[in-house]
Amino acid sequence: FVSPDKMIAELLSDNQHIARDQRAAIKITDDNNDTPTSNILQDLLDGTERRIWFLFEVSRGGDNEM
C-alpha cells in the first residue's frame, strides 16, 4: 500500500527525472542538427513539465487562498 501523498511525491520525482533525461536528449539532437526529433522531444518535455507543475500543486494540499 502506498499512501496518496507518497504516490504523488513518487510521481513528481519520476517526472522530474524524465524531464532531465528529455532535456539531455534534446541537447543531443540539437548538437546533431536533428531539428525534427528535437521538436518532438520538446513537445514531450512540455507535457512532462505540465505534469510536474500539476503534481507539485497537488502535493501542496490545496491550502491556497484566493
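A nonpolar patch on the surface is formed by Val 2, Met 7 and Leu 11, which together have about 230 Å² of accessible area. Areas of this kind come from the Shrake-Rupley method with a 1.4 Å probe, and for residues only the protein chains shown count as cover. Patches take in residues with over 30% relative accessible area and no salt bridge, nonpolar side chains (Val, Leu, Ile, Met, Phe, Trp, Tyr) being joined within 5 Å and like charges within 9 Å; a salt bridge is a side-chain nitrogen of Lys or Arg within 4 Å of a carboxyl oxygen of Asp or Glu. The model is predicted: local features need pLDDT of at least 70 and side-chain atom pairs count only at pLDDT 80 or more, while totals for chains, interfaces and linings use all residues. Residues are numbered from 1 along each chain as its sequence is written, and side-chain values use heavy atoms, without hydrogens and water.

Met 7 lies in helix α1 (helices are DSSP runs of H or I with at least four residues, strands are runs of E with at least two, numbered from the N terminus). With a relative accessible area of 42%, Met 7 is partly exposed, that is, between buried (under 20%) and exposed (over 50%), using a 1.4 Å probe and protein chains only.

Helix α1 covers residues 4-31; its 28 residues should span 40 Å, and the 41 Å between its end C-alpha atoms agrees. The expected span is 1.5 Å times one less than the number of residues. Among the buried residues of α1 are Ile 8, Leu 12, Ile 26 and Thr 29, and their cover includes α2 (35-59).

Helix α2 holds Ser 38, which is buried at 7% relative accessibility. Beyond its neighbours within four places in sequence, Ser 38 is in contact (heavy atoms within 4.5 Å) with Ile 26, Thr 29 and Asp 30. Just after α1, Asn 33 has a positive phi of about 55°.
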